[in-house]
Amino acid sequence: MIYLDNAATTAVCPEAAEAAKNAMLTSFGNPGSTHKAGRQAKALLDESRKTLAGIVGCTPAELFFTSCGTESDNWAIISGAAKNRGVGNHIISSEAEHPGVLEPLGYLKAQGKEISLLKPERDGSISPEAVLEALRPDTCLISLMLVNNETGAVTDIATIAKEVKKRNPRTLIHTDAVQGFMKLPFSASKLGADMISLCGHKIHAPKGVGALYIRKGLTLPPYIRGGGQEGGNRSGTENVPLIAAFAEAARIYKAEMPACLERMAELRSYCISRLSSEIEDFRVLGEGVPNLLSISLPGYRSEVLMNYLEAEEIYVSKSSACKKGGRSHVLTAMGLDARTIDGAIRVSFSRFTDREDAEKFCSCLIKAAGSLKKA
C-alpha cells in the first residue's frame, strides 16, 4: 500500500501507539482523583502538556486538550464571539476554510452575527490586504486557517495579527493550524494569534485528540461544561492515553522536522517535474507547505483517477475528507474552472513517505492518463 492521503489522517507511529498503550496499562487512573493512581495519571497529563506546549511555543497554562481540531475550532469561534460581544457582531473569515470553521460561523450567523467571508487568492491563501480592507471597528473575531487543507497555501497570520492589533487591539484572532502544525515552523508567540487550533492525527498520533492554545490573559467561556477539568475551561475526564500519544508523536516529529520537510519538498518537486513533463495539460493548484500537492488533470474525472490508483493500492483524495460529495468549495472559491476542479486530486506526504512511493504514484498516474478516456 502506498498511502498518500496524509492531509486527511496519518498512520499512528509506533512510539505514539506505545505511549498510549503504556498510559492505558500503567497510568489508567482518573487524573482528577487524589489517590496514587490518580496522581500518577495527573503527572503524565502534566508532562504531556509541558512537552506539547514547549513545541507550540507557549506555556503549559495556555494549552487545553480537546477531542479534535474541529472541537478546538468550534470552541474558539463560538466562545470567542461570545467573549467579545461587547466589541461588536462582525466576524471575518474566508470561503476557503475547513467545515470545522464554516459550520460554527453559520451557526453564529443564524444567531445574528454578521459574517464576512473573504475570497481566497489563486492559491487558496488569504492576503493581509483583504483582511484589513474588511476590518471594521465592530469586528469582534477573525478566523483564518494557517495552511489551506486542500492546496497547502500559507496565509500570513503573523502579519495579519500584527496589523489588525494595531487598528483594533480588542479584535480576537483565531487560526486553524491543524494542517500547518509540524509542516510549517511557527511558535504561538511569533504567530500572534489569540487562539490556535491543533490536532494529533495529522502528525502520527491517534484520532480523537486535539488542543486549543488560548493566550495568557484571555478567558473564554467554557464550550463543554461539567466537572471543571482543564482548569474549568473544558470539562470531561481527560483522555490521558491519547494525550500522551499526541505529545510523543509531536516530540518525535519536532526532532525530525528539518529532515522531514526537506525530504517532502524533494518528493513534491520530483512529482511536479515528472508529471508536468509526461501528462498534457497537467496543472499544479497552489504552492505552500512541502507535504501537500494539489494537482489537476483537466478533462479527467478525479473519482475515476482515484479508483484507478486505488486498484493499484495507491491512496489519494480529491479534497478534504470532511467534505462529502460535490465540488471542492475551496477550489471553487479560488475561481478555477469546472473542468480543472473536476480533474483535481490531492496528494499529501508524511514523514514515512519515500522516493519509491512517489515514483510508483507518478508511474501509475501517467499510465492512467494514457489509458483512461477524458470526460
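**Charges over rings, and their surroundings**

Modeller: The charged end of Arg-351 sits over the ring of Tyr-253, 5.9 Å from the ring centre. The rule asks for NZ of Lys or CZ of Arg within 6 Å of the ring centre and within 35 degrees of the ring normal. Arg-355 likewise lies over the face of Tyr-270, at 4.0 Å from the centre of that ring.

This is a predicted model, in which local features need pLDDT of at least 70 and side-chain atom pairs count only at pLDDT 80 or more, while totals for chains, interfaces and linings use all residues. Residues are numbered from 1 along each chain as its sequence is written, and side-chain values use heavy atoms, with hydrogens and water left out.

The nonpolar interior comes next. A nonpolar core is a set of buried Ala, Val, Leu, Ile, Met, Phe, Trp, Tyr and Cys residues joined through side-chain atoms within 4.5 Å; buried means under 20% relative accessible area, exposed over 50%, and partly exposed in between, with a 1.4 Å probe and protein chains only. The largest such core has 83 residues, of which Phe-181, Leu-198, Phe-246, Leu-275, Phe-361 and Leu-365 touch the most other members. Helix α8 (residues 240-278) gives the most to this core, contributing 16 residues. Helices here are DSSP runs of H or I with at least four residues, strands are runs of E with at least two, and both are numbered from the N terminus. With contact taken as heavy atoms within 4.5 Å, and residues up to four places away in sequence not counted, Leu-275 touches Phe-282, Ile-295, Phe-361, Cys-362, Leu-365 and Ile-366.

Ring-to-ring pairs can be listed briefly. Rings of Phe, Tyr and Trp (its six-membered ring) pair if their centres lie within 6.5 Å; planes under 30 degrees apart count as stacked, over 60 as edge-to-face and the rest as tilted. By this rule there are two aromatic pairs. Phe-64 and Trp-75 form an edge-to-face pair, at 6.0 Å centre to centre and 65° between the planes. Phe-64 belongs to strand β2 (residues 63-66) and Trp-75 to helix α3 (residues 69-83), so the pair ties together parts that are eleven residues apart in sequence. Phe-64 is buried at a relative accessible area of 10%, and Trp-75 is buried at 0%. The pair of Phe-181 and Phe-186 is tilted, with 6.3 Å between centres and 55° between planes; Phe-181 and Phe-186 are both buried.

Beyond helix α8, the loop between α8 and β9 holds Asp-281. Asp-281 has a phi near 65°, a positive value in a residue other than glycine, and is partly exposed at 40% relative accessible area.

Two strands pair if DSSP finds at least two bridges between them, and β9 is joined to β10 (residues 292-296) in the antiparallel sense over two bridges. Within the sheet, Arg-283 stands opposite Ser-296 in β10.

Helix α9 (residues 302-311) includes Ser-302, which is buried at 2% relative accessibility. Leaving aside neighbours within four places in sequence, Ser-302 is in contact with Lys-318, Asp-342, Gly-343, Ala-344 and Ile-345. Glu-313 lies in the loop between α9 and β11 (314-315). The phi of Glu-313 is near 60°, again positive in a residue other than glycine, and Glu-313 is partly exposed at 45%.

Finally, the cysteines. With a disulfide taken as a pair of cysteine sulfur atoms within 2.5 Å, the count is zero. Cys-13 is in no disulfide, and the nearest cysteine sulfur, that of Cys-260, is 11 Å away. Cys-13 is buried at 0% relative accessibility, and Cys-260 is buried at 1%.
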